[in-house]
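Have the viewer open and follow along.

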Amino acid sequence: MSRVYVCSCFGVTEKQVKAHADAGACTPRQIASACKAGTDCGSCVRRIQAILGRGNCPRRDLVDQGRPALAADVTAEAVEVAEAA
């Protein structure tokens, strides 16, 4: 099994970042809140931005309203699914 690490500092894989994005993370800061990626040396932030892309964030309207875009239980479940695959 080949794992592509995005964040070496915390051992976060590309699959995990994508799972957090699928759960609603739209920005590198939201990814950092979910799994710490990008909070140590910062060298992975550009890669996280590339994974997230510049497309439409499905939960941007929640963020614009000041409401939380990430549900902790949804995010944890998405990561568990990604790790199991």
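## After helix 1

Gly-24 comes after helix 1, and its phi is positive, near 125°. Keep in mind that this is a predicted model.

Helix 1 itself spans residues 14-22. Its buried residues are Glu-14, Gln-16, Val-17, Ala-19 and His-20. In general, an α-helix has 3.6 residues a turn, so residues three or four places apart point the same way.

## Helix 1 against helix 2

How do helix 1 and helix 2 lie relative to each other? Their axes come within 10 Å and cross at roughly 110°. Anything from 65 to 115 degrees counts as roughly perpendicular, so that is the label for helix 1 and helix 2.

Helix 1 brings Val-17, His-20 and Ala-21 to the contact, while helix 2 brings Ile-31, Ala-34 and Cys-35. Sorted by class, that makes 5 nonpolar residues, 1 polar and no charged ones. Val-17 and His-20 are also on the buried list for helix 1.

## The nonpolar core

The largest nonpolar core has 12 residues: Val-6, Cys-7, Val-12, Val-17, Ala-25, Ile-31, Cys-35, Ala-37, Cys-44, Ile-48, Ile-51 and Leu-52. Helix 3 has the largest share, with 3 residues.

Ala-37 is a handy place to look around from. Setting aside neighbours within four places in sequence, Ala-37 touches Cys-7, Val-12, Ile-31, Ala-32, Cys-44 and Ile-48.

How many disulfides does the whole structure hold? The search comes back with 0. A disulfide needs two cysteine sulfur atoms within 2.5 Å.

Buried or exposed, what are Cys-7 and Cys-9? Cys-7 is buried, with 3% relative accessibility, whereas Cys-9 comes out as partly exposed at 36%.

## Thr-13 in strand 2

Thr-13 belongs to strand 2, which covers residues 12-13. With a relative accessibility of 8%, Thr-13 counts as buried, because the cut-off is under 20%.

What does Thr-13 contact beyond its neighbours within four places in sequence? The list is Arg-3, Val-4, Tyr-5 and Val-6.

How values were computed. Residues are numbered from 1 along each chain as its sequence is written. This is a predicted model: local features need pLDDT of at least 70, side-chain atom pairs count only at pLDDT 80 or more; totals for chains, interfaces and linings use all residues. Side-chain values use heavy atoms; hydrogens and water are left out. Buried means under 20% relative accessible area, exposed over 50%, partly exposed in between (1.4 Å probe, protein chains only). A nonpolar core is a set of buried Ala, Val, Leu, Ile, Met, Phe, Trp, Tyr and Cys residues joined through side-chain atoms within 4.5 Å. Helices (H or I, at least four residues) and strands (E, at least two) are DSSP runs, numbered from the N terminus. Contact means heavy atoms within 4.5 Å. Axes are lines fitted to C-alpha atoms, for helices over the stretch in contact, and angles run from 0 to 180 degrees between N-to-C directions. Angles under 35 degrees count as roughly parallel, over 145 as roughly antiparallel, 65 to 115 as roughly perpendicular and the rest as oblique. Ala, Val, Leu, Ile, Met, Phe, Trp, Tyr, Cys and Pro count as nonpolar, Asp, Glu, Lys and Arg as charged, and the others, Gly among them, as polar.
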